[in-house]
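Work through the exercises below with the model at hand. Try each task before reading its solution.

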Amino acid sequence: MPTYIVSATQNFLTVDQKKRVAKEITRAHSEATGAQGFFAQVIFNEIPRGSHFMGGVQIETDQVYVHGHVRTGRTEEQKRRLLDDLVESVRMITGLEKRYLWAYVSELPPSNMVEYGQVLPRPGAESEWLAALPADDRDYLLGLGNAL
């Protein structure tokens, strides 16, 4: 359901830091929205040095950018809590100052999203959606939740 794309300066994040960031993003999303953790996916991209510019100026410092694609239907308070938690979690794991961290949440209507061959439910209807999945897909998702 939610997809978080974490872009960071190439070779800045270690494998351990990526694992910790992914777990923290999952936790933050679950706590802010009430959705089960196995719905969150986190994808990491590396930005090669010399490929990041702001105001037309090449950026020389390490940066981390988190862009979450979530379903519409969350309150402003939930989104604000989520953003604050994302930034603080990444700051704690990386040691970067907040000025080098970016976090955005973009909302998509659930009707514009398909996972496991099913259009996604509105927020709050995840249990019914999960129950309607084929058993193999449901078991796979539930197994992911146990891995955290």
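**Exercise 1.** Is E24 buried, partly exposed or exposed?

*Solution.* Begin with the ground rules. This is a predicted model, in which local features need pLDDT of at least 70 and side-chain atom pairs count only at pLDDT 80 or more, while totals for chains, interfaces and linings use all residues. Residues are numbered from 1 along each chain as its sequence is written, and side-chain values use heavy atoms, with hydrogens and water left out.

Next, take the cut-offs: buried is under 20% relative accessible area, exposed is over 50%, and partly exposed lies in between (1.4 Å probe, protein chains only). E24 has a relative accessible area of 26%, so E24 is partly exposed.

**Exercise 2.** Which side chain meets that of E24 in a salt bridge, 2.8 Å from N to O?

*Solution.* Apply the rule: a salt bridge is a side-chain nitrogen of Lys or Arg within 4 Å of a carboxyl oxygen of Asp or Glu. The partner of E24 is R27. Now place the pair. Both sit in helix α1, residues 15–33. Helices (DSSP H or I, at least four residues) and strands (DSSP E, at least two) are runs numbered from the N terminus. E24 and R27 are three residues apart, about one turn of the helix. R27 has 26% relative accessibility, so R27 is partly exposed. Finally, widen the view: E24, R27, E31 and D85 are linked in a network of salt bridges. The count under this rule is 15 salt bridges.

**Exercise 3.** What does α1 pack against?

*Solution.* First, check the span. α1 has 19 residues and reaches 27 Å from its first C-alpha to its last, close to the 27 Å expected. The expected value is 1.5 Å times one less than the number of residues. Second, pick out buried residues of α1, among them Q17, V21, I25 and A28. Third, name the partners: the buried residues of α1 pack against β1 (3–9), β2 (41–47), β5 (64–71) and α2. After α1 comes G34, with a positive phi near 85 degrees.

**Exercise 4.** Where is L13 found, and what is it in contact with?

*Solution.* L13 is in the loop between β1 and α1. At 9% relative accessible area, L13 is buried. Contact means heavy atoms within 4.5 Å. Setting aside neighbours within four places in sequence, L13 is in contact with V6, A8, K18, F44 and T94. L13 and T94 are 81 residues apart along the chain, yet their C-alpha atoms are separated by 7.6 Å.

**Exercise 5.** Which side chains make polar contacts with the side chain of Q63?

*Solution.* Locate Q63 in the loop between β4 (57–58) and β5. Q63 is buried, at 4% relative accessibility. A polar contact is a pair of N or O atoms within 3.5 Å; within protein, one must be able to donate a hydrogen and the other to accept it, and residues adjacent in sequence count only if both atoms are side-chain atoms. The Q63 side chain makes such contacts with the side chains of T61 at 2.8 Å and W102 at 2.9 Å.
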